[in-house]
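Please read this briefing alongside the sequence and the 3D structure shown below. The points after the opening paragraph are grouped by topic.

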Amino acid sequence: MSDVQIRCRENGPLLVTGTFTLVDHLGNPHDISGKPNVALCRCGASKNRPFCDGTHKTTGFQAAESALPPPTA
Ligand code: FES
């Protein structure tokens, strides 16, 4: 079982907790050493992508979807 948790913050970033590596589109690692969790932007407005810089709070970003229960047979 993975020891990484990705939590969707209400109207905000993806909060990633655990031991993981974050790489760019070329496979180069971002330095996230020493950080117990990382907030990844999912609104697209951050000036420091892929990280959240809090800009979502001023843009009216909405993404409050909840997990759906599994379909029943
Ligand atoms: S989710 Fe925070 S700046 Fe995009």
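Read from the N terminus, the elements of the chain follow the order β-β-β-α, which amounts to 1 helix and 3 strands. The radius of gyration is 14 Å, whereas the globule rule gives 11 Å for 73 residues, so the chain is more spread out than a compact globule. The model is a predicted one, and every value in this briefing should be read with that in mind.

**Overall dimensions and surface**

- Taken along the principal axes, the box filled by the C-alpha atoms of the chain is roughly 45 × 35 × 25 Å.
- The chain exposes about 5,700 Å², of which carbon and sulfur atoms supply 53%.

**Burial and contacts across the chain**

- Of the 73 residues in the chain, 22% are buried.
- Among contacts with a separation of 6 or more, 29% are made by residues 24 or more positions apart.

**The nonpolar core and Val38**

- The largest nonpolar core consists of 6 residues, namely Val16, Leu22, Ile32, Val38, Leu40 and Phe51.
- Once its neighbours within four places in sequence are left aside, Val38, itself one of the residues of this core, is in contact with Leu14, Leu15, Val16, Phe20, Ile32 and Phe51.

**His56 and the helix**

- His56 is found in helix H1, which covers residues 56–59.
- Is His56 buried or exposed? His56 counts as buried because its relative accessibility is 12%, and the cut-off for buried is under 20%.
- Not counting residues up to four places away in sequence, His56 touches Asn11, Gly12, Pro13, Cys43 and Phe61.

**Arg7 and strand E1**

- Arg7 lies in strand E1, made up of residues 5–8.
- Arg7 and Thr17 are 10 residues apart along the chain, and their C-alpha atoms are separated by 8.2 Å.

Key: Residues numbered from 1 in each chain as written. Predicted model: local features only at pLDDT ≥ 70, side-chain atom pairs only at ≥ 80, totals over all residues. Heavy atoms only, no water. Helix = DSSP H or I, 4+ residues; strand = E, 2+ residues; numbered from the N terminus. Rg over C-alpha atoms; globule rule 2.2 N^0.38 Å. Buried < 20%, exposed > 50% of the residue type's maximum accessible area, 1.4 Å probe, protein only. Contact = heavy atoms within 4.5 Å. Areas by Shrake-Rupley, 256 points an atom, 1.4 Å probe, with all protein chains shown as cover. Core = buried A, V, L, I, M, F, W, Y, C linked by side-chain atoms within 4.5 Å.
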